[in-house]
Amino acid sequence: MGDVSPAHDLLTGYLRSYWGVVLVYGVGAALQVRLIVRTVVRFFRNRPEEKKLEDQLESEWISLTYLSGPGLDRRRQELKKLLDQVSAVAVGRFMGLLILIALPVMVLAWYGTVLFEDTPSSAPVAPQVHIPELRAELEQVESGHLETAEVWIHPRVDAGRLPGAWGSSYRSLVWNYHVVGFDTGGEWVEVFVPDAMGFSLDMERPYREGQTILWNLGHARRYHISYTTNFHLVTEITPVD
């Protein structure tokens, strides 16, 4: 396995990926804030000119109210049409401003839920929740202060994943085993073995759940395992002769 265990490499890769997610979300949030600021500034910058034009048209229309004549009637109609158009544009710009602000604000609120919520998010990723856990796991692997047990391993194995950004559509990086023994208090414990370990069960001496403890003591292969406290990520697994 070399100087660095596959578990260490796996946790380092996960942690690096989580920071990448945080960076992407941070850049996205900055772009959303920039969009909001630019939209608001542009609206209030253009508003005085639009208001001035609207006031000029309205003033001219009012001045022609009590005058009559073919040319004046046409001009009043043109002014009324222009005033309606200017009013519609103003309303449209105001509603557009609300929409362009509301959408980024909703996205920012979602970013905040994903990145800074204290409890696990329902979103597929929750970096801020899992980064401290990953750090703690990595520090435990580096310090060597791990949980140890001598166990039997159930023959059934499933593709697994650590908590966080990797969904079921991603290639499996760990395998999910269930172990039991005197060191686990006779309770089944779920552990994750990195694929890079290349571990495989001794199927010539498998643990048989239907048999007694005495039978399994005499016939089934036992294993000594070391694993992390929170994720139950196995760092070492060796057969017991």
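Predicted model: local features only at pLDDT ≥ 70, side-chain atom pairs only at ≥ 80, totals over all residues.

Q: What does arginine 222 pair with?
A: Arginine 222 forms a salt bridge with glutamate 150, and their closest N and O atoms are 2.7 Å apart.

Q: Where in the chain do those two sit?
A: Arginine 222 is in strand S5, residues 222-227, and glutamate 150 is in strand S1, residues 147-153. They are 72 residues apart, so the pair links distant parts of the chain.

Q: Which class does arginine 222 fall into, and why?
A: Arginine 222 counts as partly exposed because its relative accessibility is 25%. Glutamate 150 is at 29%, so glutamate 150 counts as partly exposed. Buried would need under 20%.

Q: Next pair. What meets arginine 156?
A: The side chain of aspartate 158, in a salt bridge at 3.4 Å from N to O.

Q: Is arginine 156 buried or exposed?
A: Exposed: arginine 156 has a relative accessible area of 57%, and the cut-off for exposed is over 50%. Aspartate 158, at 27% relative accessibility, counts as partly exposed.

Q: And what about aspartate 202?
A: Its side chain meets that of arginine 221 in a salt bridge, with 3.2 Å from N to O.

Q: Are aspartate 202 and arginine 221 buried or exposed?
A: Both aspartate 202 and arginine 221 are buried.

Q: Switching topic. What secondary structure does the chain have?
A: The chain has 4 helices and 6 strands. From the N terminus on, the elements run α-α-α-β-β-β-β-α-β-β.

Q: How much of the chain counts as buried?
A: 35% of the 241 residues.

Q: What about contacts between residues at least 6 apart in sequence?
A: Among those contacts in the chain, 62% join residues at least 24 apart.

Q: Last one: what does the accessible surface come to?
A: About 14,900 Å² for the chain, and 58% of that belongs to carbon and sulfur atoms.

How values were computed: Residues numbered from 1 in each chain as written. Heavy atoms only, no water. Salt bridge = Lys/Arg side-chain N within 4 Å of Asp/Glu carboxyl O. Buried < 20%, exposed > 50% of the residue type's maximum accessible area, 1.4 Å probe, protein only. Contact = heavy atoms within 4.5 Å. Areas by Shrake-Rupley, 256 points an atom, 1.4 Å probe, with all protein chains shown as cover.
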